[in-house]
Amino acid sequence: MAEGSITQALEIGIVQVESGVDLEEALRLFPEYAEELRAPLEAAQAARWLAASVQVPQAAQQDSRERFVLAVGTTRMALRSGGRRQKTALASPAGKHISTRSKRRGLLGFLVALSVLILVLAAVGILASEALPGEPLYPLKQAGESAQLWLVQDPHRRLELERTFDRRRNQEVQTLIEHIQAGEGLAPLPVQWVGSLEETLPRIWKVQGLSVSVLPGTQLIGQVDPGYVVVVDGQLQADGTLSADRIAVRKFQVNGRLDRSGPGEWKAQGIPFLVAENTVIDGEASPGSPVVLILVETGTGEFEARLIQVLAAAGEN
Amino acid sequence: MAPIPSSPALSSVDDLLERSQRLEVEALAQVHDLFYPEVYRYVRFRLDDDRLVEDVTSDVFLVFLEALTRPDGPQGDLHGWLLNTAASLVNDSLRRNSGKPTPSAEAEPAPPPDAAAVVVQADAGDPSKRELQRAVRQALAKLPADQQHLLAVRFAEGRSLEDSAAAASLDLETHKLQQFRALEALRRRLGEV
């Protein structure tokens with residue numbers, strides 16, 4: 001009996017059992033090895049059963065995420081201040097064994113960072129919500145929006161929050177243009193405008209109704225085509241026109257599982273999207289596959305996938 | 001006045017790692033969102049205590065953050081790095097807990113004499129499912145660490161044999177043989193539980 005043959009037979013048996021074939025039926029595929037294969041196939045069945053019974057608790061994932069994001073903040077602040085980075089206290093016995101010496105310092109730093117973050121968020125909420133580009137509190141408003149994005153885990157809510165912030169950028173620009181038209185003198189201000197690319201004439205593009213000056217130095221990032229939503233980073237001039245420093249196709253990342261897939265019917269985490277000819281699919285995509293999606297938005301509000309990266313086989317839970 | 005930061009560069013896993021190495025908060029949060037379920041499934045496959053599983057899973061990402069500030073931090077295969085870190089923390093936990101009785105061992109009824117045979121017929125409605133899960137994990141914990149890791153990557157992570165061989169930097173035939181031996185060993189242990 002060739003060793004390679006029985007190991008290959010075992011692998012085929014495992015695949016059969018994982019796809020729902022009865023153990024006895026899988027053994028009948030290799031009658032000459034049935035006796036030797038029974039034990040490892042039963043173990044494979046037990047392992048598969050154990051794996052399939054695992055449910056990832058959302059509350060634990062959310063707690064872990066918040067703890068992690070706060071630790072990131074602590075680390076960044078410590079490095080920025082040039083001080084020694086405080087090690088964050090690890091929770092598990094193994095983790096404590098790894099970092100026992102810095103446990104107390106890490107906990108103190110964690111609590112300080114938590115307090116500072118709460119104070120910053122409170123200040124942003126109260127004082128900076130109406131700030132416009134160019135005003136002193138505007139960076140705090142941006143920090144508050146970033147913090148909101150950090151803490152949102154649900155892909156659907158995150159996507160909607162990003163779109164809300166896009167609309168907020170446009171409202172800010174419109175308000176500034178109204179101030180200019182009312183006679184207020186404003187120095188060129190860095191702003192952002194998000195919308196559907198409607199027209200691309202030489203030197204002047206139209207984005208969501210706004211004329212944007214596109215100069216030789218303007219950077220174009222990604223496949224910037226009419227009919228797709230783009231992000232314009234540029235300078236709002238004193239005369240109310242917007243000159244673009246950079247125009248990028250608006251992308252959204254969705255992490256999750258494919259709800260279903262098929263000709264013209266794609267969804268992930270409840271978010272429908274189209275697959276185009278230039279969509280890159282990395283891996284074998286099937287319902288249940290954990291994926292990373294990079295989506296662009298069309299002018300009609302639909303999402304189109306630029307990248308579908310399959311992380312693992314389907315059937316996980 | 002500083003320019004408004006442009007939209008985050010949304011990208012693949014390799015780009016996420018690169019941005020994480022710069023300690024970009026968005027990227028690090030995305031790493032956590034992306035890999036938490038898989039790390040959790042790996043740790044849960046091998047450890048029985050609910051609270052310990054959550055702690056170890058969370059600690060994997062804190063160790064990741066710490067490693068990013070060192071020159072020898074994660075490069076290339078982020079998924080593999082996280083699983084290897086999870087394996088290390090799980091192995092440490094098992095070593096520390098070896099020989100200690102499980103918290104509820106005296107209160108729970110003893111598992112059936114041959115856990116493998118019962119598991120084959122077990123379904124979601126079986127009230128002793130928790131005991132069976134514990135029995136399978138106990139059997140798994142008696143295997144050498146490398147066999148536990150191989151089975152966890154293969155079954156908890158759902159990797160194909162080819163992918164798990166590549167992750168372990170082994171040729172396919174060697175990996176098949178290791179899988180055969182690991183499963184044979186697990187079956188023997190299941191019969192002892």
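The side chains of A:Glu172 and A:Lys141 form a salt bridge with an N to O distance of 2.7 Å; the term covers a side-chain nitrogen of Lys or Arg within 4 Å of a carboxyl oxygen of Asp or Glu. This pair connects distant parts of the chain, with A:Glu172 in helix 8 (residues 155–181) of chain A and A:Lys141 in helix 7 (residues 138–151) of chain A, 31 residues apart. A:Glu172 is buried at a relative accessible area of 4%, and A:Lys141 also counts as buried, at 6%. Here buried means under 20% relative accessible area, exposed means over 50%, and partly exposed lies in between (1.4 Å probe, protein chains only).

## About the model

This is a predicted model, in which local features need pLDDT of at least 70 and side-chain atom pairs count only at pLDDT 80 or more, while totals for chains, interfaces and linings use all residues. Residues are numbered from 1 along each chain as its sequence is written, chains are lettered from A and ligands numbered from 1 in the order in which they are written, and side-chain values use heavy atoms, with hydrogens and water left out.

## Chain A as a whole

Chain A has 8 helices and 10 strands; these are DSSP runs numbered from the N terminus, with helices being H or I of at least four residues and strands E of at least two. Of the 317 residues in chain A, 48% are buried. The chain exposes about 15400 Å², and carbon and sulfur atoms supply 54% of that area, computed by the Shrake-Rupley method with a 1.4 Å probe.

## Strand 5 and its partners

Let's turn to strand 5. In chain A, 6 of the 8 residues of strand 5 (residues 242–249) are buried, so this strand is largely enclosed by the rest of the structure. Strand 3 (residues 210–221) of chain A runs parallel to strand 5 and is joined to it by 6 bridges; two strands pair if DSSP finds at least two bridges between them.

Strand 4 (residues 229–236) of chain A pairs with strand 5 in the antiparallel sense, over 7 bridges. In strand 5, A:Ile247 is the bridge partner of A:Val232. The hairpin of strands 4 and 5 of chain A has 5 residues between the strands, and A:Gly240 takes a positive phi near 90° in this hairpin.

A:Gln16 sits in helix 1 (residues 3–18) of chain A and is partly exposed, with a relative accessible area of 25%. Beyond its neighbours within four places in sequence, A:Gln16 contacts A:Val21, A:Ala26 and A:Leu29.

A:Glu18 and A:Arg48 meet through their side chains in a salt bridge (3.7 Å, N to O). The two are 30 residues apart and link distant parts of the chain, A:Glu18 being in helix 1 and A:Arg48 in helix 3 (residues 34–52) of chain A. A:Glu18 is partly exposed at 32%, whereas A:Arg48 is buried at 19%.

## Salt bridges in chain B

Over all chains, the count comes to 28 salt bridges. One of them joins the side chains of B:Asp50 and B:Arg130 (3.4 Å, N to O). B:Asp50 lies in helix 3 (residues 50–68) of chain B and B:Arg130 in helix 6 (residues 129–141) of chain B, so the pair ties together parts that are 80 residues apart in sequence. B:Asp50 is partly exposed at 40% relative accessibility, as is B:Arg130 at 29%. Both belong to a network of salt bridges that also links B:Arg44, B:Asp48, B:Arg134 and B:Arg137.

Terms used. Contact means heavy atoms within 4.5 Å.
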